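Here is a short briefing to read alongside a two-chain view. Please keep the sequence and the 3D picture open while you go through it.

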Amino acid sequence: MIPLQAIAIALVAAFALALALTHDLVRLAMLSSVYALTLVVLFLLFQAPDVALSELVVGGVAFPLVIVVAIVMQRGG
Amino acid sequence: MTRRLRLALFGASGAGLAALLLWAVAGLQNFGHYHERYGLLLNQVTVGERHTTNVVTAIVFDYRGFDTLGEEFILFASVIWVALLLRDVREPGGRRRDRMTSDPVGLVGIGFAVAVFVIGLYVVAHGPITPGGGFQGGVVLAAAFALAYLAGEYRTYRALTPQPAVDLAEGVGAGGYAVVGIASMLLGSAFLHNFGPLGTAGTLASGGSIPLLNLAVAIEVTGAFVLLFTEFLEELSGTPGAPSE
């Protein structure tokens, strides 16, 4: 394992922990997007660019978008 | 259940899970030392047999093409259910008013949307050659439409994604994949067996029927995500009692 990969794993672990400790839903949506970005870097460093692309759009954009929309709906537009 | 009991329960199960995870990770092959026969075989034969330089695409749309058919219909079925559930409860005629953003924001947003759209087309078209393909490119294309909305132009977004066209894309994408499979049966081989000229490896026209399946999936995924996004947006404006923005 090269040092960059170790750093990426540590980053993913740190953001996953932060995600688990976040209670505010709006922050959770934002943070899950950033967490997805750390995963994208991890997948790229482990030579899985196809998975990285999917994670970038699904984890980075689509999933937080659905959460944000759900929050807006809950709060009555 | 008291707090102490819950913590004890979590401690015991958490420690067990951590031990099992560590055991599993320790048993993994080292990075770069892959030994599974199936993967090594495919890495060796794919470029020669299918003329696609992206082995992942060849696996998804050829060697394991039947699995992808199932995956595509999972997406199709879930999106159709969302549409069925949400369209049924929503009162017709949305009350959403257009929220205009400032011109510079709109201009930059539309600029980004166009750029992302082109990247999406690139990712789809180069699926058999470089990382990417119908699934990834399709979501990028859908993100371009979402960006057009975020630029503040709801009217533009609806004009770009008329519902009949989106519904059609959703159906044509899912059905098209099956049609390509049936076409190879009509040509005398097994369902979804590769047909057509294989072309030169590394060019856009390579891989026989792989680009066709790739395109079908791209249309399906784009349609699915745009449909989902539209339904959520409509839900926001059409909820009874919710103030329109």
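The points below go from chain A to chain B, then to what the chains share.

This is a predicted model: local features need pLDDT of at least 70, side-chain atom pairs count only at pLDDT 80 or more, and totals for chains, interfaces and linings use all residues. Residues are numbered from 1 along each chain as its sequence is written, while chains are lettered from A and ligands numbered from 1 in the order in which they are written.

**Chain A as a whole**

- Chain A has three helices and zero strands, where helices (H or I, at least four residues) and strands (E, at least two) are DSSP runs numbered from the N terminus.
- Read from the N terminus, the elements of chain A follow the order α-α-α.
- Along the principal axes, the C-alpha atoms of chain A fill a box of roughly 50 × 25 × 10 Å.
- Of the 77 residues in chain A, 17% are buried. Buried means that 20 or more other C-beta atoms lie within 10 Å of a residue's own, exposed means 12 or fewer, and partly exposed is in between, with C-beta atoms placed from the backbone.
- Take the contacts in chain A between residues at least 6 apart in sequence: 49% of them join residues at least 24 apart. Two residues are in contact if their C-beta atoms, placed from the backbone, lie within 7 Å.

- How far apart are the end C-alpha atoms of α2(A)? They are 30 Å apart, which agrees with the 30 Å that its 21 residues should span at 1.5 Å a residue; the expected span is 1.5 Å times one less than the number of residues.
- The buried residues of α2(A) include Tyr35(A), Leu39(A) and Phe43(A), and their cover includes α1 (3-21) and α3 of chain A.
- α2(A) packs with α3(A) at an angle of about 175°, and their axes are 8 Å apart. Axes are lines fitted to C-alpha atoms, for helices over the stretch in contact, and angles run from 0 to 180 degrees between N-to-C directions.
- The two helices α2(A) and α3(A) are therefore roughly antiparallel to each other. Angles over 145 degrees count as roughly antiparallel, under 35 as roughly parallel, 65 to 115 as roughly perpendicular and the rest as oblique.
- By class, the contact of α2(A) with α3(A) has 19 nonpolar, four polar and one charged residues. Ala, Val, Leu, Ile, Met, Phe, Trp, Tyr, Cys and Pro count as nonpolar, Asp, Glu, Lys and Arg as charged, and the others, Gly among them, as polar.
- After α2(A) comes Gln47(A), with a positive phi near 60°.

**Chain B: a helix pair and some loops**

- Helix α5 (residues 103-125) and helix α6 (residues 134-150) of chain B have axes that come within 8 Å and cross at roughly 170°, so α5(B) and α6(B) are roughly antiparallel to each other.
- The contact of α5(B) with α6(B) has 15 nonpolar, six polar and no charged residues.
- Gly132(B) sits in the loop between α5 and α6 of chain B. It is buried, with 26 other C-beta atoms within 10 Å.
- Beyond its neighbours within four places in sequence, Gly132(B) is in contact with residues including Asp50(A), Leu53(A) and Val123(B).
- His51(B), in the loop between α2 (37-50) and α3 (55-63) of chain B, has a positive phi of about 60° although it is not a glycine. With 22 C-beta neighbours inside 10 Å, His51(B) is buried.
- Most residues other than glycine have a negative phi.

**Where the chains meet**

- In all, 15 residues of chain A are in contact with 17 residues of chain B.
- The side of chain A that touches chain B has eleven nonpolar, three polar and one charged residues.
- The largest nonpolar core has 52 residues, and among those touching the most other members are Val139(B), Ala142(B) and Phe225(B). A nonpolar core is a set of buried Ala, Val, Leu, Ile, Met, Phe, Trp, Tyr and Cys residues joined through C-beta atoms within 7 Å.
- Which helix gives the most to this core? It is α9(B), with 14 residues.
- Leaving aside neighbours within four places in sequence, Phe225(B) is in contact with Ala62(A), Val139(B) and Ala142(B).
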